[in-house]
Amino acid sequence: MNSYIKCLLPIMLVLLFTNCTKRFNVINSDPGSITEAGKQELPFMFSTAESWACINRSYYQTVQNLYADFYAQYFAQSTNDFTTDRYVIHDSWLPRMGIITYVNVVPQLQSIFENTDSTSGQYALASMMWVYAFDHMTDYFGPIQYFDAGKAQAAIAYDAQDKIYGDFFKRLDQAVTNLQKLGSGANVFGNYDLIYGGNVSKWILFANTLRLRLAMRVSKVDPSLAKQEAEAAVAAGVMTDISQSAWIAKSLNGRDGNGLSQVAAYNAFSMSSTMYSYLKGYNDPRLNIYFQPAVTTGTFRSVRNGSSTLALNNPLNQPAQTSNVGPYWVTWNGSSWVAQLTAPKPVIYAAEAYFLRAEGALNGWNMGGNAQSLYEMGIRESMEQWGITDQTVINNYINSTALPATPGDVANSAAVAAIPVKWAQDEATERQQIGTQKWLAIYPDAMEAWAEFRRTGYPKMYPVLESDNPDLPQGTFIRRLPYPSLEYSTDLQQVQQGVTLLNGPDKVSTRLWWDVN
């Protein structure tokens, strides 16, 4: 993707600091020389990197919403405006993840690396954001240009995913080591840090939780490495309380608003039937938080992923008849949807760490607790994260034997699965329960949800009703995104190297290195 970025870099650097917060208006007058910036600009750069790495509203629709949001089946298409819900790939959108990563994240972080000591807190936070951003990229495509990213050279080689993950673990481990030396009261970047306000203690928990997430990702392809990294992460301290969850501040300035809020106001997608089958059947108290009743009927209604053009023309599938996302992201004023653009965006929830540890405990790893207790704590943390604090309600949910329900959609779908919330007595069901509840808890983080569905096969999802992609027959699920065609026309030798490292054709049906489920 290097050639595409070289074409865009001059333009993107000029626009760079108008796309986050007003703080960036006082950046040096020559954004084109950003890679030679001094230390006074580093806080601005970190803010910029955070905003873009967390997918701000600039490209949210065409990088996440119309891909991962559908593939994770949090949402389903309810209009005929796009066809990605039926696995059509829009090639012109594919380079945009590269623009986010290589143009808007890497140059900022490289400047921090070049202008700080490798043992500093600034370097540590930049390393964490580097891992977070590149994890999204490699889990979308597979082998990518990684180790030489940001370097001024004509050809940037693609790197194998196992090598990339190996570097992720090294970076996170070193970052935590360096932050621990600063002491618990230390602060890095202050208010320019849009996630934790520079709180070093919370960043340590973030790094360890991200390390645990990545360790679990490789657990089926490299169990020994996964065990080593997961146990190290837990021993060093992961998130355990909602006060430690990572949320990134959003702003009305530039393009820094909440991306999901922005696209929800377009009202072109609805709650998926997979989601409604679980939430409805479990009588899940998060239903009214995650989604809203249809504006014309006052009742919840869902849409099956992959619905045909004819099906989407059915009035019962139209946006006014189906459920939009919850009022945290968008509100109805009686005539139109109003985007809550300043709503902070979740980055990593503390609840996720409990579910990751529960799975690790089933693997026989030292996770600081048994699988059942960790699973149930994950549910509690998720409920409390969204303001559900009535312990009777939470306990009733945890002990419920209710099963997923028929969603009552146009497709007349049966229930999507047949597992209760209450902890089972066999390992196969327990793994499915962990995967299902984690999927519910990390909503709306569809990038992570889609990656984990590919790794585990959970939660059970409906197959798309129709697939318009010949590489994905009906009944199969998409495994990755292909490289942009622009790469083949401008960087052929390098992208061919990437395909070789992929160990399969450059198709949406080819599994990534860690996807051996």
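**Rings and a buried glutamine**

Reader: Is Tyr328 buried, partly exposed or exposed?
Author: This is a predicted model. Tyr328 has a relative accessible area of 26%. Buried would need under 20%, and exposed over 50%. So the class for Tyr328 is partly exposed.

Reader: How many residues apart in sequence are the parts tied together by Trp247 and Tyr328?
Author: Trp247 lies in strand β2 (residues 246-248). Tyr328 is in the loop between α13 and β4 (330-332). The pair therefore ties together parts whose separation in sequence is 81 residues.

Reader: Is Gln292 buried or exposed?
Author: Gln292 lies in the loop between α12 (287-290) and α13 (309-312). Its relative accessibility is 12%. The cut-off for buried is under 20%, so Gln292 counts as buried.

Reader: Which residue's backbone oxygen does the side chain of Gln292 reach?
Author: Leaving aside neighbours within four places in sequence, the contacts of Gln292 include Phe300, Ser323, Pro327 and Trp337. Val325 is also among them. At 2.7 Å, the side chain of Gln292 reaches the backbone oxygen of Val325.

Reader: Over the face of which residue does Arg454 lie?
Author: The distance from Arg454 to the ring centre is 3.7 Å. A charge over a ring must be within 6 Å of that centre. The ring belongs to Trp450.

Key
Residues numbered from 1 in each chain as written. Predicted model: local features only at pLDDT ≥ 70, side-chain atom pairs only at ≥ 80, totals over all residues. Heavy atoms only, no water. Helix = DSSP H or I, 4+ residues; strand = E, 2+ residues; numbered from the N terminus. Buried < 20%, exposed > 50% of the residue type's maximum accessible area, 1.4 Å probe, protein only. Polar contact = N/O pair within 3.5 Å; in protein donor to acceptor, adjacent residues only side chain to side chain. Contact = heavy atoms within 4.5 Å. Lys NZ or Arg CZ within 6 Å of the ring centre and 35° of its normal.
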